[in-house]
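Here is a friendly walk through one model, written for someone who likes to see the cut-offs next to the values. Please have a look at the sequence and the structure first.

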Amino acid sequence: MNDVIYMILALITGLVLGTFFFGGLWWTVRKAVQARIPALWFAGSLIIRLSVTMVGFYLIGAGSWQRLLVCVVGFALARMLVIRYTKNRDEKMIQQQKE
């Protein structure tokens with residue numbers, strides 16, 4: 001029973017990490033376009049996003065490749081969800097600008 005709970009928590013953590021990573025990337029791109037020094041936004045964001053994600057993977061993995069695998073699956077699912085959300089949101093914003 002504990003293994004199932006740990007796997008569910010690993011999946012949820014993967015979803016949270018993926019949402020943070022890819023949502024942060026989307027947010028960074030939107031901010032960097034308007035920034036005076038976009039490279040600073042990209043570099044800073046990359047360091048923060050990678051650090052948080054790697055620490056999360058390390059803590060979840062903690063000697064269990066199964067939990068790490070489930071966490072990575074959650075991470076990949078979050079990528080698909082963030083892409084779908086941001087694509088729909090960007091399309092709506094483009095349509096509003098045309099009107």
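## Model and confidence

This is a predicted model, in which local features need pLDDT of at least 70 and side-chain atom pairs count only at pLDDT 80 or more, while totals for chains, interfaces and linings use all residues. Residues are numbered from 1 along each chain as its sequence is written, and side-chain values use heavy atoms, with hydrogens and water left out.

Confidence is highest in helix H2 (residues 38-61), with a mean of 96, and lowest in H3, with a mean of 88. Helices here are DSSP runs (H or I, at least four residues), as strands are (E, at least two), and they are numbered from the N terminus.

## The largest pocket

How big is the largest pocket? Its volume is about 150 Å³. A pocket is found on a 1 Å grid over the protein atoms alone, as an open set of points with protein on both sides within 12 Å along at least five of seven lines; a cavity, by contrast, is a set where a 1.4 Å probe fits but cannot get out. Grid points are joined across faces, edges and corners, and the volume is the space filled by probe spheres set on the points.

Lining residues have an atom within 4 Å of a point. For the largest pocket they are Phe 22, Leu 25, Trp 26, Val 29, Arg 30, Val 33, Arg 79, Val 82, Ile 83 and Thr 86. Two elements give two or more residues to this lining, helix H1 (2-34) and helix H3 (65-98). H1 supplies the largest share, six residues. By type, the lining divides into seven nonpolar, one polar and two charged residues. In this scheme Ala, Val, Leu, Ile, Met, Phe, Trp, Tyr, Cys and Pro are nonpolar, Asp, Glu, Lys and Arg are charged, and the others, Gly among them, are polar.

Thr 86, one of the lining residues, lies in helix H3. Thr 86 is buried because its relative accessible area is 11% (buried means under 20%, exposed over 50%, partly exposed in between, with a 1.4 Å probe and protein chains only). Its C-alpha atom is separated by 9.8 Å from that of Trp 27, 59 residues apart along the chain.

## Aromatic rings

A pair of aromatic rings is described by the distance of the centres and the angle of the planes. Rings of Phe, Tyr and Trp (its six-membered ring) pair if their centres lie within 6.5 Å; planes under 30 degrees apart are stacked, over 60 edge-to-face and the rest tilted. This rule gives five aromatic pairs. One of them joins Phe 21 and Phe 22 edge-to-face, at 5.0 Å centre to centre and 80° between the planes. Phe 21 and Phe 75 also pair, and with centres 5.7 Å apart and planes at 55° the pair is tilted. This pair links distant parts of the chain, with Phe 21 in helix H1 and Phe 75 in helix H3, 54 residues apart.

Which residues do ring pairs link into a cluster? They are Phe 21, Phe 22, Phe 57 and Phe 75. Phe 21 is buried at 13% relative accessibility, Phe 22 is buried at 18%, and Phe 75 is buried at 15%.

Arg 49 lies over the face of Phe 21, 4.6 Å from the ring centre, and the charged end of Arg 67 sits over the ring of Tyr 6, 5.7 Å from its centre. The rule asks for NZ of Lys or CZ of Arg within 6 Å of the ring centre and within 35 degrees of the ring normal.

## Single residues

Ala 62 has a positive phi of about 25°, although it is not a glycine. Ala 62 is placed in the loop between H2 and H3 and counts as exposed at 54% relative accessibility.

Is Thr 28 buried or exposed? Thr 28, in helix H1, is buried, because its relative accessibility is 1%. Met 7 is also in helix H1 and is partly exposed at 26%. The C-alpha atoms of Met 7 and Gln 96, 89 residues apart along the chain, are separated by 42 Å.

Definitions and conventions:
pLDDT = per-residue confidence, 0-100.
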